[in-house]
Amino acid sequence: SPARDRFLRARDKALEDETLTKIRAFLSQNATIWSEVYETPDSQFEHDIIAVDDGLCLLIEAKAAPPIEPFRDPDKAFVRLRDAFRADKGIQKAFEQANRIVRKLKAGDIVMLYDARGRVVGRLLPDPSKLPIAVCITRDNFGPLATNLALLLEKDTADSYPWAVNII
């Protein structure tokens, strides 16, 4: 329903805002931070927060969907947890979004950043002195699924694991 959609958008936005507030406390005064930016002028490949600071380029994706209650049957429970982990609001999707820029920077590509109106708001330059890190922020605790990402995360062997943490 429209009310459900408004609630889910507000929940996602609240997590992004809370993440932005908390991440600022970890960064220096000289950090450059962009929120709600895109890789293309036509608003494709959205990123929640990108922060560049001394030695770091944090690519932060916030996912507010709570983990789904698993079934008591272990076989059904695994499928349900795996599907939630890999859903559009799960850790897998957050990793894929953030890792797209990590790969570009490691390949030496310049990444332009655009706002929702298609205006250039910044650019990320490949810089060996700045480690690009994919960060997956969740609203709720995914327990061992976020602690040991090797259990469910699909990634290339050349890709680094992201930092997955809940906002609390």
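Predicted model: local features only at pLDDT ≥ 70, side-chain atom pairs only at ≥ 80, totals over all residues.

User: Which residues of H2 are buried?

Analyst: Buried means under 20% relative accessible area. In H2, Ala77, Ala84 and Phe85 are buried. Looking down the axis of H2, these buried residues fall within an arc of 100 degrees, so they line one face of the helix. Asp75 and Lys76 are exposed, on the face of H2 turned away from the buried side.

User: What covers the buried residues of H2?

Analyst: The cover includes helix H3 (91-106) and helix H4 (144-147).

User: Now to Asp12: is Asp12 buried or exposed?

Analyst: Asp12 belongs to helix H1 (residues 2-24). Its relative accessibility is 14%, so Asp12 counts as buried. Leaving aside residues up to four places away in sequence, Asp12 touches Ala64 and Lys89. With Lys89 there is also a polar contact of 2.7 Å between the side chains.

User: How are pairs of aromatic rings described, and how many aromatic pairs does the structure hold?

Analyst: Such a pair is described by the distance of the centres and the angle of the planes. Here the structure holds zero aromatic pairs.

User: Which charged end sits over the ring of Tyr161?

Analyst: That is the charged end of Lys155, placed 4.5 Å from the centre of the Tyr161 ring.

Terms used: Residues numbered from 1 in each chain as written. Heavy atoms only, no water. Phe/Tyr/Trp six-rings, centres within 6.5 Å; stacked < 30°, edge-to-face > 60°. Lys NZ or Arg CZ within 6 Å of the ring centre and 35° of its normal. Helix = DSSP H or I, 4+ residues; strand = E, 2+ residues; numbered from the N terminus. Buried < 20%, exposed > 50% of the residue type's maximum accessible area, 1.4 Å probe, protein only. Polar contact = N/O pair within 3.5 Å; in protein donor to acceptor, adjacent residues only side chain to side chain. Contact = heavy atoms within 4.5 Å. Arc of directions from axis to C-beta.
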